[in-house]
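Colleague: I have not looked at this one before. Can you put it up and take me through it?

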Amino acid sequence: MHHVADSHAHALLRFKLALTEEQPTIKPYDEAATVGLADSMTGDVEDALLMLEAIHRRWVVLLRGMQATDFARNYIHPEHGQTFTLDQVLADYPWHARHHAGQIIWLREHHGWS
């Protein structure tokens, strides 16, 4: 959950960059190194869930305030060497959350995590 919260926080900020700058180049981050930090390793999962909930509430407000043409705005992801439109990016994040939720469910069922 810590990774999902961090990832969606980055996504919200990337949306804001694309909405306020012309084709910005975003700064990638090392996801594997990030999840190895103390807040992810020993932090309370409830904090990550609260963070994710707040990020999603803010993101919804931002999305509802966007015009149809805003979804065509884009940013450059230097690690992928590609330009991504906001509508493309937005389509990825529900999948991302479901993907990791599936991993958590599997771990709970097969390893007794609670």
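Colleague: Is E53 buried, exposed or partly exposed?

Modeller: E53 is partly exposed, with a relative accessible area of 45%. Buried means under 20% relative accessible area, exposed over 50%, and partly exposed in between, with a 1.4 Å probe and protein chains only.

Colleague: Where do these values come from?

Modeller: This is a predicted model, where local features need pLDDT of at least 70, side-chain atom pairs count only at pLDDT 80 or more, and totals for chains, interfaces and linings use all residues. Residues are numbered from 1 along each chain as its sequence is written, and side-chain values use heavy atoms, with hydrogens and water left out.

Colleague: Back to E53. Which side chain does E53 meet in a salt bridge?

Modeller: That of R57, at 3.1 Å from N to O. A salt bridge here is a side-chain nitrogen of Lys or Arg within 4 Å of a carboxyl oxygen of Asp or Glu. R57 and E53 both lie in helix α4, 4 residues apart, about one turn of the helix.

Colleague: How many salt bridges are there by this rule?

Modeller: The count is 2. E22 forms one with R73, where the closest N and O atoms are 3.2 Å apart. E22 is in the loop between α1 and α2 (31-35) and R73 in the loop between α4 and β1 (74-77), so this pair ties together parts that are 51 residues apart in sequence. E22 is exposed, with a relative accessible area of 66%, while R73 is partly exposed at 22%.

Colleague: What about Q23, what is its phi near?

Modeller: Phi of Q23 is near 45 degrees, a positive value in a residue other than glycine. Q23 lies in the loop between α1 and α2 and is partly exposed, with a relative accessible area of 42%.

Colleague: You keep naming elements. In what order do they run?

Modeller: From the N terminus, α-α-α-α-β-β-α, which comes to 5 helices and 2 strands. These are DSSP runs numbered from the N terminus: helices are H or I with at least four residues, strands are E with at least two. The C-alpha trace spans about 45 × 30 × 20 Å along its principal axes.

Colleague: How much of the protein is buried?

Modeller: Buried residues make up 32% of the 114 residues.

Colleague: Which residues have the most contacts inside the largest nonpolar core?

Modeller: F15, W59, Y75, L86 and V89, in a core of 15 residues. Such a core is a set of buried Ala, Val, Leu, Ile, Met, Phe, Trp, Tyr and Cys residues joined through side-chain atoms within 4.5 Å. The elements giving two or more residues to it are α1 (2-20), α4 (45-64) and α5 (86-111), and α1 gives the most, with 5 residues.

Colleague: And Y75, what is Y75 in contact with?

Modeller: Leaving aside neighbours within four places in sequence, the contacts of Y75 (heavy atoms within 4.5 Å) include R14, A18, P24, I26 and Q82. Others among them are F84, L86 and V89.

Colleague: Of contacts between residues at least 6 apart in sequence, how many join residues at least 24 apart?

Modeller: 70% of them do.
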